[in-house]
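Here are my notes for your first look through this one. Keep the structure open beside you and check each point as you go.

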Amino acid sequence: MFVDSATILGQGCEPSVKNSEHADGTSPATPKRKAIALFSGGLDSILAAVLVHRLGIDVTLLHVQHLWSGGEASRRKIRAAADRVGLTLRIVDASNEHLGVVRHPKHGYGSAANPCVDCHIFMLRIGKRIMEDNGADFVVSGEVLGQRPKSQHYDALLDVAAESGLGDRLLRPLSANLLPDTLPVKEGWLRRDDLFSLRGRRREAQVMLASEFGIEEYPQPAGGCLLTEKAYGARVFDAFEHMGRDAVTRDDFTILGIGRHFRLSDATKLVVGRDQSENEALAGFASGRVLIEPALPTVGPAALVEGAPSEEDLELAASVVARYCDHEDAAPINMQVTEGKNRRVVSAEPLDADDARLRGWRIEPKAPGARRFARR
Ligand code: SF4
């Protein structure tokens, strides 16, 4: 199927008679074919699942949850999207296993800390397991050829199908006619002509197809996965370098998404909250770390010190946190330092807001050739 509007509007929209009934309207002896459709809640995954369902396949949606797939608010949206298209949704929490994919991706990372090729393989393997457990016949994915340069080019799509173990039991209905035929077509469960030839990053064809299917509500494409963000990626790689990949825990990955991060030394990192919600979130991770806050009546951020800070490191960290407190001059500020059950107050001289070391300590994507500043 072509990607131009006339073709999209003309095809692929009516249920095929192949799987559910004979041409004369009588029921076939063979049971209805079943598919598991990977479901992110994004438009492509909605369209792929709905298309295959409309072609007469019994489709169950599968959402694979991991640390970067969003919290409960995101799952509510996914459930609502499944309800709108009237398909059964299954959510599988694979957060812990997925950490291994992020720590050790066989195919490496994209432009940040996003191991997209391995991540797709991981999700498809879960799809395969659910397919087998449920006696389904194939797995559906909304991937579109060429939509992502590194993970969705022609060879990558074939490699991912093979490495997932699905082989030709993986159908990408939106680009199926640009890829080798898979089992559902070879076996005649679906007709090739009912599938599509979408390619590239443009969204017009999908938007038209959504309109044709009567799908009015769907999320707009936006970053979404934190792993694709360069600032977050810089923090992930810093943590890998200083802690060791396998030592970076689920909590650590969560903290990497909160606040300003400063690498004060090989042994010490400081995370400073930027607003009330971040301050509260950081305070919630104080166990096993050092919590620094301004002592009343000063108002300012909560901060965590991670690693193995020396007394000198803690003094420096308190001065950095003091720089972000509400104060009018460079006079020392009393800062409360909490380590486990021990709490003490130290006097910290706020660093000047223009102190160039602050920029050097910040963990962020560095321009080529940029240098880090010494601690003092
Ligand atoms: S963008 Fe994130 S969730 Fe999506 S495949 Fe890449 S790493 Fe996985």
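**Notes on the predicted model**

1. Let's start with a single residue. Glycine 100 is partly exposed, with a relative accessible area of 30%; that is because the value falls between the 20% below which a residue counts as buried and the 50% above which it counts as exposed. Glycine 100 sits in helix α4. Now look for arginine 245: its C-alpha atom is 9.2 Å from that of glycine 100, although 145 residues separate the two along the chain. Keep in mind throughout that this is a predicted model.

2. Stay in the helix for a moment. Histidine 98 also belongs to α4, which covers residues 95–103. Is histidine 98 buried or exposed? It is buried, because its relative accessible area is 0%. Leaving aside residues up to four places away in sequence, histidine 98 touches His66, Trp68, Cys119, Phe122 and Leu227.

3. Next, the ligand. Which residues surround it? They are His66, Pro115, Cys116, Cys119, His120, Arg148, Cys225, Leu227 and Thr228. Sorted by type, this shell has five nonpolar residues, three polar ones and one charged one.

4. Time to zoom out. The protein chain has 13 helices and 11 strands. Of its 376 residues, 50% are buried. Take the contacts with a separation of 6 or more: 63% of them are between residues 24 or more positions apart.

5. Isoleucine 36 has threonine 60 in β2 as its bridge partner, and leucine 38 stands opposite leucine 62 in β2. Four of the five residues of β1 are buried, so this strand is largely enclosed by the rest of the structure.

6. The other sheet to trace is open too, with six strands in the order β6-β7-β9-β8-β10-β11 and antiparallel pairing. Its edges are β6 (260–265) and β11 (342–348); each pairs with a single strand, so one side of each is left without a neighbour in the sheet. From one strand to the next, the twist averages 25°. Helix α12 (residues 311–323) packs on this sheet, where it touches β6, β7 (268–272), β8, β9, β10 (333–339) and β11. The direction of α12 makes about 65° with that of β11.

7. Arginine 263 has lysine 269 in β7 as its bridge partner.

8. Further along are β8 (residues 290–294) and β9 (residues 303–307), antiparallel strands joined by three bridges. In β9, leucine 304 is the bridge partner of leucine 291. Check the loop between β8 and β9, where you'll find proline 297. The peptide bond joining leucine 296 and proline 297 is cis, with omega at about 10°.

9. In soluble globular proteins, nonpolar side chains tend to be buried together. Here the largest nonpolar core has 39 residues, and those with the most contacts inside it are Leu47, Val59, Leu61, Phe138, Leu195 and Ile215. Elements that each supply at least two of its residues include β1 (34–38), α2 (43–54) and β2 (58–65). Which element gives the largest share of this core? It is α2, with eight residues. Isoleucine 215 touches Ile46, Leu47, Val50 and Ala210, not counting residues up to four places away in sequence. Apart from this core lies another, of 24 residues, among them Ala303, Leu314, Ala318 and Ile333.

Key
Residues numbered from 1 in each chain as written. Predicted model: local features only at pLDDT ≥ 70, side-chain atom pairs only at ≥ 80, totals over all residues. Heavy atoms only, no water. Buried < 20%, exposed > 50% of the residue type's maximum accessible area, 1.4 Å probe, protein only. Contact = heavy atoms within 4.5 Å. Near = heavy atom within 4 Å. Nonpolar A, V, L, I, M, F, W, Y, C, P; charged D, E, K, R; others polar. Pairing = 2+ DSSP bridges. Axes fitted to C-alpha atoms, helices over the stretch in contact; angles between N-to-C directions. Core = buried A, V, L, I, M, F, W, Y, C linked by side-chain atoms within 4.5 Å.
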